[in-house]
Amino acid sequence: MDYNKCAKEILAAIGGKDNLVSAAHCATRLRLVIVDNDKTDQATLEDIDGVKGVFESAGQLQIIIGTGTVNKVYDEFIKEAGVEAASKDDVKAAAAAKAPMWKRAIKTLGDVFVPILPAIVASGLLMGIVEAIGKVSTDFSSTDWYAFLDMMSSTAFAFLPVLVAASAAKVFGANIYLGVVMGLMMVHPSLLNGWNVGNVESINEFFGVTDGIIPTWNLFGDLQIGDYVVGSISQHGYQGHVIPVVIVIWLMSKIEKWLHKHVPEMIDLFVVPITTIFISALAAFIVIGPIFSLLENYVLAGAEWLVQNPFGAAVVGFFYPATVVMGLHHMYNVIEAGMLAAGDLNTWMPIATAANFAQAAAALAVGLKAKNGKTKTIAIPSALSASLGITEPAIFGINFRFFKPFICAMIGGAVGGLFAAIVGLGATAYGVTGFPGFLIINNIPMYCLLLLISGGVAFILTWIIWKEGDTKKDKKAKDAPVADAEAKEVDATDTAVDDTAEKMVCTPVDGKVIPLTETPDETFASEALGKGGAIIPTGDTIKSPVNGTVNMVFDTGHAVGLESDDGVEILVHIGINTVELNGNGFETIAKEGDKVKVGDPLIKFDEKIIKDGGYNLTTPIIVTNTDDFASVELLTTGDVTSGTELLKVQK
Amino acid sequence: MKTFDYTITDEVGIHARPAGILVKEAKTYASKITISKGEKKAEATKLMAIMSLGVKQGETITVTVEGDDEDTCAPAIETFFKENL
């Protein structure tokens, strides 16, 4: 069947998109919330090819379409109905396809992380504070309050893969619940916590073994290629991992979409989810996860070797945040524990501090420099959290997204790492960095210097190099009101879009500006003709509000239509119901097709004749093609002269 | 494709307000609705274009409906004209 045709016919039969509040679907039905049920044509609906039945229930118009078909009709339906999310995604995908691979990857990661930022910023900050207090006061760390706060604040991080999976599923257009299942699977309690992978005691305790080796599930028995046991799954989870989860969900979305296309409708609901999960799980635990675990081991070995000399320390300081991004930083505490066990100072902690504190400083620089309210509100708490040692919010929420701050911070981390190794900084315990590090460091003045150097370098570099206008994303968001910032960011693209410039419509006459909604006429006030403003004139001549062309002058002289050179169509309607004066009191100056500039006279009117005729002189100025733009904003109210900027119109 | 003629009875013709209501109505259909007066044509979803026709009382316009839902749309639009214009 033709899903698009079906969707179109349904939309027409329910009275068009203006009569639609929301659309959703379940396993068999399209569920629509309708503005005015009288406008829906139930008989027509039932006759549509593909519709098996129609009824109203619980405030919804439910259209039975059938398993496996309904989701395809729904996809077409939301496209036809112009549901915003869909069209924005299209725009985004089209734009993203043009950017280079690594940029797309970073952008995708940003798209995944931005929605979950509130959760991890809050948790990160709280976790940093709770851990710091716990270190200061061992009394506190044994209280019930500490245990409770620790549990609460670490939740978002303990289950980070679940948050990432849900968000990624949305970004990649996969079923969000299947995404959550995959995320949950990767932190399943039957698996060893990913944070304990390098910890022999935890492994022994968890699995009841004595050799400190994580047991494996060998799905294909002992089949081996070289040393590699085919289909072997190490029984540990992926707590704290980000990239593997994003990759798994991406793969899952591909599998799910492919299956939806190729599996017969009859068995779609039964076959697709189970197959999707099965294949994704195998890929996650046999291929994707182990690759990252292997990388983690190499990183660990490399870091252990590097950290032994100052230049190596600089390299570690530089790449440390990159390993955080990759999720390969979980086993560093093995290095720290090893150092302490050997009776040495923990020289790893100062390097990690340099790297983390540099991220904090870079995020702070962004926060102080940014004018966009949303960037600010994320950057500053993220910076605070990073200064306490929890860097994920700062890295994923700010620095890595804007990328330049991330590089600046890496440089700061390298300089700090070098300094720490040269002056011989070391800690007597492990588990904290940043400000809480003061509690375990061997040389407090030098630690102060370390923070100043790494943070200072990162801050100054970021302050100089990063500009808010670096990406379209910032530019758009900066000009938008805070409330709009999120929406603007969603459709921000890297493609050059010249017509996004703001377009101005000026006042056509001296007088008092009021919002269009206060016009004493329902048609105009309801914005049915478009958005705009209104003016109660004190002058007697309507002048052109834009540079453009006169489209139409009514024979009766009571209204004039123009199209600006930048594509805004404007109707200036002098007075309410003044069409009934039949031209009496109006004298047209401009005619159709005239090229005009702001301030050129268009129509003269006689206030006395209009008022004596009993008509209200309020003059609406309306953008009649409002639908072509994202926003039409009234810039001023009250007394103005003609030629004042009145409306800001933006794509 | 379906067409019908209609003679405007509203004494002030298709001015801003009825044009606005017409546009709103026209947008609810998938079909393309065109209004023509003599040589001039306007899409019913374009406010400015309709007003440019300058249709007055007593003038006859031709309405053309073309699209998937034309069978339901054409009679509905005709009723709309009778009620509003």
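Four bridges link β20(A) with strand β22 (residues 645-650) of chain A, and the two run antiparallel. One of the pairs involves A:E633, whose bridge partner in β22(A) is A:K648. Bear in mind that this is a predicted model.

Where does this pairing belong? It is part of an open sheet of three strands in chain A, in the order β9-β22-β20, with antiparallel pairing. β9 (503-506) and β20 (631-634) of chain A are at the edges, and each has a single partner strand, so one side of each lacks a neighbour in the sheet. On average, neighbouring strands of this sheet are turned by 25° against each other, direction ignored.

Next, the contact between the chains. Chain A contributes 25 residues and chain B contributes 18 residues. On the side of chain A that touches chain B, α1 (3-13), β13 (548-553), β14 (559-564) and β15 (569-573) of chain A each supply at least two residues. Which element gives the most to that side? That is α1(A), with five residues.

Last, confidence. Chain A has a mean pLDDT of 82, with 91% of its residues at 70 or more. Over residues 471-499 of chain A, pLDDT stays under 50, and the model has 40 contacts beyond four places in sequence for them. Residues 84-92 of chain A also stay under 50, with nine such contacts.

Notes:
Residues numbered from 1 in each chain as written. Chains lettered and ligands numbered in written order. Predicted model: local features only at pLDDT ≥ 70, side-chain atom pairs only at ≥ 80, totals over all residues. Contact = placed C-beta atoms within 7 Å. pLDDT = per-residue confidence, 0-100. Pairing = 2+ DSSP bridges. Axes fitted to C-alpha atoms, helices over the stretch in contact; angles between N-to-C directions.
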